Amino acid sequence: MTIYNFSAGPAILPQEVLQKAQASLLNYEDSGMSIMELSHRSSLFLDVINQAEQLLRDLMKIPENYRVLFMQGGASLQFSMIPLNFAQHKKALYVHTGAWAKKAIQAAQMVPNVEVEVIATGEATNFTAIPTIPEEAFDQEAAYIHITTNETIGGVAFQTIPDTKTIPLIADMSSNILSNDYQVEDFAMIYAGAQKNIGPAGLTVVIIREDFLNDTPIFSPMLDYAVQAKNESMYNTPPTFAIYMAGLVFEWLKEQGGVPAILKKNQEKANVLYDALEASNLFSSPVDPASRSLTNIPFVTGDDAIDKLFVKEATAAGFENLKGHRSVGGMRASLYNAFPLEGVQALVEFMHTFEQKQGEK
Ligand SMILES: *Cc1c(COP(=O)(O)O)cnc(C)c1O
């Protein structure tokens with residue numbers, strides 16, 4: 001049976017990448033050692049990390065004056081590091097778009113000497129739409145504005161990036177980095193946990209403008225972006241295997257035609273599902289059409305028991321991880337870069353059959 005993995009993360013990886021990794025597991029490049037056994041200071045591994053960085057730079061057209069950091073602790077650690085590094089005795093502005101933005105806000109509120117202000121919230125729509133940011137909210141004195149480009153749980157995404165003028169813009173891109181075509185120049189900093197669209201869990205990618213780095217030391221070198229940058233992501237042992245895997249995924253993505261080409265495919269995949277939801281009398285999308293995500297698509301029947309039955313039957317038919325996040329229920333299909341169009345087409349067909357059977361009851 002073909003398995004289609006709709007997991008929101010850790011998520012599906014390209015088959016070709018997994019096969020390449022398998023081959024390097026016992027004997028990397030004829031070294032007689034596994035990729036996992038290489039010293040992070042060895043020239044073999046330095047090639048791996050440098051190539052991964054270069055590929056990411058090519059894919060995202062990262063300008064020279066930005067640094068790429070390979071870190072750990074997930075996007076969640078970034079939630080605390082950002083205010084700690086950049087907002088001491090300053091105001092930090094946040095856009096509240098859903099579950100992940102909320103976590104970023106809560107983490108910032110716990111960092112001493114930071115004044116957190118939520119400048120827009122999707123609460124009025126129960127986070128089914130991206131809120132507009134009022135012009136007067138752009139306090140040019142603020143340390144930064146933080147947004148979540150794509151809410152993985154709620155399935156809403158910014159369709160355009162707000163113009164924050166001189167205020168540095170920071171984006172949590174965990175679930176749509178390299179899926180959407182962003183201009184790195186629009187941001188002072190971008191970060192993403194790798195396990196959604198880049199590779200296995202354990203790696204966090206940070207892209208940061210050099211002049212945004214802070215030279216005031218932080219009490220912990222591990223939590224200090226300037227220290228991480230100065231040490232080229234090797235202040236301590238980096239997640240070597242995850243970086244290797246990320247490099248393979250970047251290579252794969254380049255072979256697919258890069259970000260513009262994958263974006264087109266992602267739009268095609270998402271349209272197949274959204275069109276089916278529009279046409280259905282049973283399933284629907286709870287998300288405002290003007291705010292819909294390409295990568296994470298929640299859907300519901302409006303009846304918990306039917307949702308449950310659907311997930312059960314879908315799982316038995318090979319559609320894995322369709323259950324919605326425990327906080328919202330229903331279903332969710334995550335359609336990251338490595339997810340094939342055939343999988344969405346098969347799902348839509350399955351939904352159609354399920355709906356017909358329900359109609360006959
Ligand atoms: C998954 C996710 C996170 C949390 O990532 P971890 O790597 O588990 O810390 C944060 N933000 C967004 C948008 C996510 O999708």
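Reader: Where is I153 placed?
Author: I153 is in the loop between β5 and β6. Helices (H or I, at least four residues) and strands (E, at least two) are DSSP runs, numbered from the N terminus.

Reader: What kind of model is this?
Author: This is a predicted model: local features need pLDDT of at least 70, side-chain atom pairs count only at pLDDT 80 or more, and totals for chains, interfaces and linings use all residues. Residues are numbered from 1 along each chain as its sequence is written, and side-chain values use heavy atoms, with hydrogens and water left out.

Reader: Back to I153. Buried or exposed?
Author: I153 counts as buried, at 7% relative accessibility. Buried means under 20% relative accessible area, exposed over 50%, partly exposed in between (1.4 Å probe, protein chains only).

Reader: What does I153 touch?
Author: Not counting residues up to four places away in sequence, I153 touches A99, W100, P298, H325, S327, V328 and R332. Contact means heavy atoms within 4.5 Å.

Reader: How far apart are I153 and S327?
Author: In sequence, 174 residues separate I153 and S327. In space, they are 8.4 Å apart, C-alpha to C-alpha.

Reader: New topic. Which residues does UniProt list for "binding site"?
Author: An unreviewed UniProt entry lists A75, S76, W100, T152, D172, Q195, N236 and T237. UniProt positions are given in the numbering used here, feature names are shortened, and annotations may be inferred rather than shown by experiment.

Reader: Take D172. Where does it lie, and is D172 buried or exposed?
Author: D172 lies in strand β6 (residues 169-172). It counts as buried, at 3% relative accessibility.

Reader: What is in contact with D172?
Author: Leaving aside neighbours within four places in sequence, D172 is in contact with A75, F79, W100, H146, I147, T148, T149, N150 and Y191. A75 and W100 are also on the UniProt "binding site" list.

Reader: And S76, where does that lie?
Author: S76 is in helix α3 (residues 74-86). S76 is partly exposed, with a relative accessible area of 42%.

Reader: Which feature does UniProt place at K196?
Author: The unreviewed entry gives "modified residue: N6-(pyridoxal phosphate)lysine" at K196. K196 is found in the loop between β7 (189-193) and β8 (204-209).

Reader: Is K196 buried or exposed? What is it in contact with?
Author: K196 counts as buried, at 12% relative accessibility. Leaving aside neighbours within four places in sequence, K196 is in contact with A8, G9, A11, T152, S174, S175 and Y336.

Reader: What joins G9 and P10?
Author: A cis peptide bond, with omega about -10°. P10 lies in the loop between β1 (4-5) and α1.

Reader: Helices now. Which residues of α4 are buried?
Author: In helix α4 (residues 99-109), A101, A104, I105, A107 and A108 are buried. Seen down the axis of α4, they fall within an arc of 165°, so they line one face of the helix. The arc is that of the directions from the helix axis to the C-beta atoms.

Reader: What do the buried residues of α4 pack against?
Author: They pack against α3, β3 (90-96), β4 (114-121) and β5 (144-148).

Reader: At what angle do α7 and α9 pack?
Author: Helix α7 (residues 258-279) and helix α9 (residues 341-360) pack at about 10°, with their axes 9 Å apart. That makes α7 roughly parallel to α9. Axes are lines fitted to C-alpha atoms, for helices over the stretch in contact, and angles run from 0 to 180 degrees between N-to-C directions. Angles under 35 degrees count as roughly parallel, over 145 as roughly antiparallel, 65 to 115 as roughly perpendicular and the rest as oblique.

Reader: Which residues meet there?
Author: From α7, E268, K269, V272, L273, A276 and L277 meet L341, V344, Q345, L347, V348 and M351 of α9. By class, this contact has nine nonpolar, one polar and two charged residues. Ala, Val, Leu, Ile, Met, Phe, Trp, Tyr, Cys and Pro count as nonpolar, Asp, Glu, Lys and Arg as charged, and the others, Gly among them, as polar.
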